[in-house]
Amino acid sequence: MHVAKAYWRRQLRRTGLLLVVWAVAGFGCSILFVEQLNRISFGDMPFGFWMAQQGSIYVFILLIFLYALLSGRADRQATLEADGEKDTAPPSATEG
Amino acid sequence: MSIQAWTWVTVGITFAAYLYIGYRSRVKSTKGFYVAGQGVPAIANGAATAADWMSAASFISMAGLISFMGFDGAVYLMGWTGGYVLLALLLAPFLRKFGQYTVPDFVGVRYYSQTARVVAAIAAIFVSFTYVAGQMAGVGVAFGRFLEIPFELGVAIGMVVVAFFAVLGGMKGITYTQVAQYCVLIFAYTVPAIAIALLLTGNPVPQLAMEEILPKLNAIQHDLGLSSYSNPFTGLSKLNVFAITLCLMAGTAGLPHVIVRFYTVKNVKAARWSAFWALLFIGILYTTAPAVAMFAKYHILQQFAELGPAIAEQSWMQNWAATGLVTIPEGGIQTADQLLEAINRDIIVLATPEIARLPAVVVALVAAGGLAAALSTASGLLLVISSALAHDIYGSVINPQASEKRRLFVGRAMIFLAVVVAGVLGVYPLGFVAEVVAFAFGLAAASFFPVIVLGIFWKRANKQGAIAGMSIGLVFTFVMIALMRAQNVIPGMDEPVLDHFLGVGAQGVGVIGMLLNFAVTIGVSLCTPDSPISVRDLVERVRYPNE
């Protein structure tokens, strides 16, 4: 059972961390602090404007990529741990 | 060959392909009909989700809106992509693990209540119908402008095509035609954008060419007495930009026709990866759109700076004036403001290839792309309506003993009925429905999003909390929108009753409905008995992906 619990705690921490990046890129850089960031040039564009219309979307795609990759690893690790201690295996997942 | 002849060719070929794919993916079981047998590969589901998601509004209207809003257009760009992060991290993998057919299924089982299931089914039907009417109308407009056939006939052709693959193939037919429709629409969107980027800057990548155009665009806006294109918060306050963006994000994550796509893949891992593919595919269009918006604005303003009032005699202005999407004022076009006033936002994507004098075959592509975007979204929405009626209301509440054969028949019948109703709503739009379409996101954010997230992440959430939260979120948002848009919604009113709520306008007010929903669900759950042990076990299972 505690394999499942530890798995879920790690999953929550990962999700929280990625959502912080989501909020910083989408709301922080692109809306709340856009005026300040617009003073910085990114190529020939103001950085805040670029974040709002381009950069944030790239960050979003990257976040989902990382989530899928890291969660997949965590799944494999959890399967190994669960196999290691069969008696306390997580609840079997009957669909439905 | 003329533009019209090329349009017949591109539309004819793509429609024939959709019909062929639909025929090849016909199904014989309810599992095939509702969730495509849960065997769709992650990358195919990603493409199908992208086509499902990007509607006539994304394809036709969005770049035009951004073009006129400048920086503030970012609300659509971020709102409609950032929602996928919420969807991928908070909803999709868990709902796939839960593994039934519909969103009301999850709400009904997680909150152990047929009432909750019915409330969710009604909300799903309502949100989807308001959304689908606009798609059918989009089909009619595209046919009318490019093929010069009557609007009603255009809608009818769209209905026949959708009915064919949706009735025969259900979700499976819809999924594989959506994959084809994604290819058509992304090709049709990017080819003209690349051509124009090359023409203007010599750089074929629109996302990079932006950089060269922005300083020129800002300069020309300045010369014509307009504020700088990249200046933030010119039309919307910072608070509203924030609220609308968040509202569109949560709404995206809560829209049933998007969520249900994640039920069609093999397992949890595939659900996570298909969210990635979906946003990658969507991102191609969404990072191109702001470039298209800039190119179009630059082109139009530059023509005006050169020609002055004579711009009204340009052939593209004349062509679009004939359709009513350009209205040249009595005294002609004297100022840049009058010019922008005269042009309907919707023509930016449709007319840019023409304005930039691209070859006829490229212009023809745009019509096929717009039709693909509208049809793919319409079919996804129609499946949600049919499954809510046939699976959640008929199969679970009215006649739970129904045989598999009977269920499949009812499913097919409902999707056929939904196609007909959607077509009629497209031809005879109710003013009320048209107004609510834009707010479907607010309603989805205020109803589904909080109860699903809490259902997964907070075991203590119970039946009483969810029903109270969903109802209050929905009613609050609906009433607020009705008051703020009273002139279009309530008969006999000619001005809004309320301008804003705590500074948040109608488009973003769903965020407040969402916060209310969260607060009420949590509050009521804590004051009422815990959910049964079987439900808490279910939540445990949903969180842990291994079989």
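Why does A:Leu70 count as partly exposed? A:Leu70 counts as partly exposed because its relative accessibility is 31%; buried means under 20% relative accessible area, exposed over 50%, and partly exposed in between (1.4 Å probe, protein chains only). The model is predicted: local features need pLDDT of at least 70, side-chain atom pairs count only at pLDDT 80 or more, and totals for chains, interfaces and linings use all residues. Residues are numbered from 1 along each chain as its sequence is written, chains are lettered from A and ligands numbered from 1 in the order written, and side-chain values use heavy atoms, without hydrogens and water.

A:Leu70 lies in helix 3 (residues 47-84) of chain A. Helices (H or I, at least four residues) and strands (E, at least two) are DSSP runs numbered from the N terminus. With A:Leu62, A:Leu66 and A:Leu69, A:Leu70 forms a nonpolar surface patch. Together the four have about 290 Å² of accessible area (Shrake-Rupley method, 1.4 Å probe, only the protein chains shown counting as cover). Patch residues have over 30% relative accessible area and no salt bridge; like charges are joined within 9 Å, nonpolar side chains (Val, Leu, Ile, Met, Phe, Trp, Tyr) within 5 Å.

Chain A and chain B bury about 4,700 Å² between them, 73% of it on carbon and sulfur atoms. Buried area is the accessible area (1.4 Å probe) that two parts lose on being put together, summed over both. A:Trp8, A:Gln53 and A:Ile64 supply 14% of the area chain A buries against chain B, more than any other three residues.

The two chains share 2 salt bridges (side-chain nitrogen of Lys or Arg within 4 Å of a carboxyl oxygen of Asp or Glu). B:Lys238 forms a salt bridge with A:Glu35, with the closest N and O atoms 3.2 Å apart.
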